Amino acid sequence: MKLVVLGGGGVRSPFLAKSLALAAKEINLTEVVFMDIDEEKLFIYGKIAKEIARRIEPELKFSLTIDAKTALKDADYIITTIRAEGDSGRVIDEKTALQLGVLGQETTGAGGFAMALRSIPVLKEYCEIIKEVSKPDSVVFNFTNPSGLVTQALHTMGFKNVYGVCDAPSNFFRQLSQLIGANDFNAECFGLNHLSWFYNFKSNGKDVTKEILLNQNLYKDTEMRLFNKELISICDCYLPNEYLYFYFYRDKAVESVLSSGKTRGETILEINEDMMNKLREIDIDNDFEKAFHCFMEHYAMRENSYFSIESGQFRTDKFNVPSVEEYLAQPENGSYAAVAIDFIRAKQGSKKVNMVLSVENNGSLDFLRDEDVCELSCTVDKDGVYPHKASNVPLMHKNLIRIVKQYENLTVQAIIEKDRQKAIKALTIHPLICSYPLAEKLVDSYCSAYKSYIGEWK
């Protein structure tokens with residue numbers, strides 16, 4: 001079986017390589033190709049990833065390439081983790097929004113819209129190549145942000161073999177499991193990517209919702225640190241996806257970013273540039289331990305500052321820098337690649353697996369269209385993917401999901417049809433903007449910045 005990673009020169013590539021190598025024999029994975037158009041990053045981050053995979057599973061054929069058709073030839077599974085325009089694009093998105101007093105977070109609202117302008121045209125081209133040269137029944141796992149919106153666009157364009165994947169739900173489930181010391185933990189998810197809710201918490205089949213809600217460490221040791229008890233009560237005790245912080249604390253988030261003097265994108269850009277400069281000076285082939293330490297040291301800076309600029313809070317569980325030996329000895333920790341691997345296991349018929357995916361609604365949320373891509377708990381087995389029906393969804397949640405889904409669909413239509421007016425309408429109705437003059441300025445600014453991706457609009 002062959003698996004291809006589009007965007008294999010990304011910073012998270014070494015983690016992805018470890019997950020794939022650990023599971024290779026179990027899922028009959030024989031060949032992995034990391035592809036990226038940025039040759040320098042591919043042969044730095046990709047080379048680190050390749051060496052990690054070699055040390056774990058030396059029989060796994062692992063190659064790096066800048067040629068998409070070569071990479072995708074006869075591929076069974078494809079992971080997309082693309083950042084068109086790199087970190088500098090993220091900075092443009094954030095600053096353009098902040099200059100107008102609007103949140104510029106890269107997946108939500110104005111920032112998500114801007115990233116979609118770059119991501120969707122690029123992914124469309126790759127999906128066309130996949131249709132041409134990959135296996136007829138190939139499956140695409142889309143990690144490219146804004147994941148749900150991008151997945152919706154690809155489905156609308158006819159690429160039905162694409163599943164949206166995000167690690168936020170699985171990471172949160174792991175936090176809750178650790179919180180109550182559960183060995184067999186599960187929960188239900190419904191909504192949209194980065195706008196979803198969690199409920200029906202169970203351990204060994206027993207309802208543990210009260211145990212979780214009453215745990216004094218819920219608001220300290222999990223992503224609920226971003227919220228408080230009264231807000232959770234207002235949400236009918238459905239626990240929100242961490243990204244709902246940007247909706248419920250909109251003013252605080254904007255104020256926090258402005259007062260910090262530096263956006264998240266600028267922070268990441270600075271960390272990544274420093275890391276690249278240092279890695280350029282290291283002979284990765286002959287001093288892998290030094291290169292690995294440099295990589296992990298900088299990655300820890302990214303992780304330990306997660307959400308801190310927007311919220312003014314830091315995670316209590318710090319990311320510690322391991323040695324190569326320590327890292328290789330660590331078990332799989334449920335990284336974002338683990339969702340793809342669980343999917344592959346299920347499709348191979350080993351057992352049914354429950355996971356959260358962005359898939360077509362198909363009646364799961366009765367207030368949305370069947371073809372609307374939503375983030376839902378799903379059961380996956382060798383015969384298919386079956387999203388779970390969400391019942392008794394509170395009206396507050398319905399209203400927010402419904403309006404943001406309308407924004408997503410209008411954005412997709414605007415990009416496909418090159419329609420400026422639909423783009424303005426999309427941002428006008430978005431809860432984080434909700435202003436025609438602001439929407440008009442944002443659309444014109446972003447369309448001008450990313451004309452090379454979207455072309456001329458009417």
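Select helix α8 (168-180): α8 gives the largest share, five residues, of the lining of the second largest pocket. Helices here are DSSP runs of H or I with at least four residues, strands are runs of E with at least two, and both are numbered from the N terminus. The model is predicted: local features need pLDDT of at least 70 and side-chain atom pairs count only at pLDDT 80 or more, while totals for chains, interfaces and linings use all residues. Residues are numbered from 1 along each chain as its sequence is written, and side-chain values use heavy atoms, with hydrogens and water left out.

**The pocket**

A pocket is found on a 1 Å grid over the protein atoms alone, as an open set of points where a 1.4 Å probe fits, with protein on both sides within 12 Å along at least five of seven lines; lining residues have an atom within 4 Å of a point. The volume of this second largest pocket is about 820 Å³, taken as the space filled by probe spheres set on the points, which are joined across faces, edges and corners.

Next, show Ser170, Phe173, Phe185, Asp342 and Asn354, the closest to the pocket centre of the 27 lining residues. Coloured by type, the lining divides into 12 nonpolar, eight polar and seven charged residues. Nonpolar here covers Ala, Val, Leu, Ile, Met, Phe, Trp, Tyr, Cys and Pro; charged covers Asp, Glu, Lys and Arg; the others, Gly among them, are polar.

**Salt bridges**

Stay on Asp342, whose side chain meets that of Arg345 in a salt bridge (2.5 Å, N to O). The term requires a side-chain nitrogen of Lys or Arg within 4 Å of a carboxyl oxygen of Asp or Glu. Both residues lie in helix α18 (residues 336-347), three residues apart, about one turn of the helix. Asp342 is partly exposed, at 28% relative accessibility; buried means under 20% relative accessible area, exposed over 50%, and partly exposed in between (1.4 Å probe, protein chains only).

Move to Arg369 and Asp372, another salt bridge (2.8 Å, N to O). Arg369 is partly exposed at 40%, whereas Asp372 is buried at 3%. The structure holds 32 salt bridges.

**The cores**

Select Phe34, Phe141, Phe185, Phe190, Ile212 and Leu357: these have the most contacts inside the largest nonpolar core, which has 146 residues. Such a core is a set of buried Ala, Val, Leu, Ile, Met, Phe, Trp, Tyr and Cys residues joined through side-chain atoms within 4.5 Å. Helix α6 (residues 110-133) contributes the largest share of this core, 13 residues. Apart from this core lies another, of 20 residues, including Val11, Phe15, Ile44 and Ile282.

Centre on Phe141, which is in contact (heavy atoms within 4.5 Å) with residues including Tyr77, Tyr163, Val165 and Phe343.

**Backbone stops**

Most residues other than glycine have a negative phi, and most peptide bonds are trans. Go to the loop between β5 (139-142) and α7 (147-156), where Pro146 lies; a cis peptide bond joins Asn145 and Pro146, with omega about -10°. Finish at Asn204, in the loop between β8 (195-203) and β9 (206-207). Asn204 has a positive phi of about 55° and is exposed, at 57% relative accessibility.

Terms used. Lists of a residue's contacts leave out its neighbours within four places in sequence.
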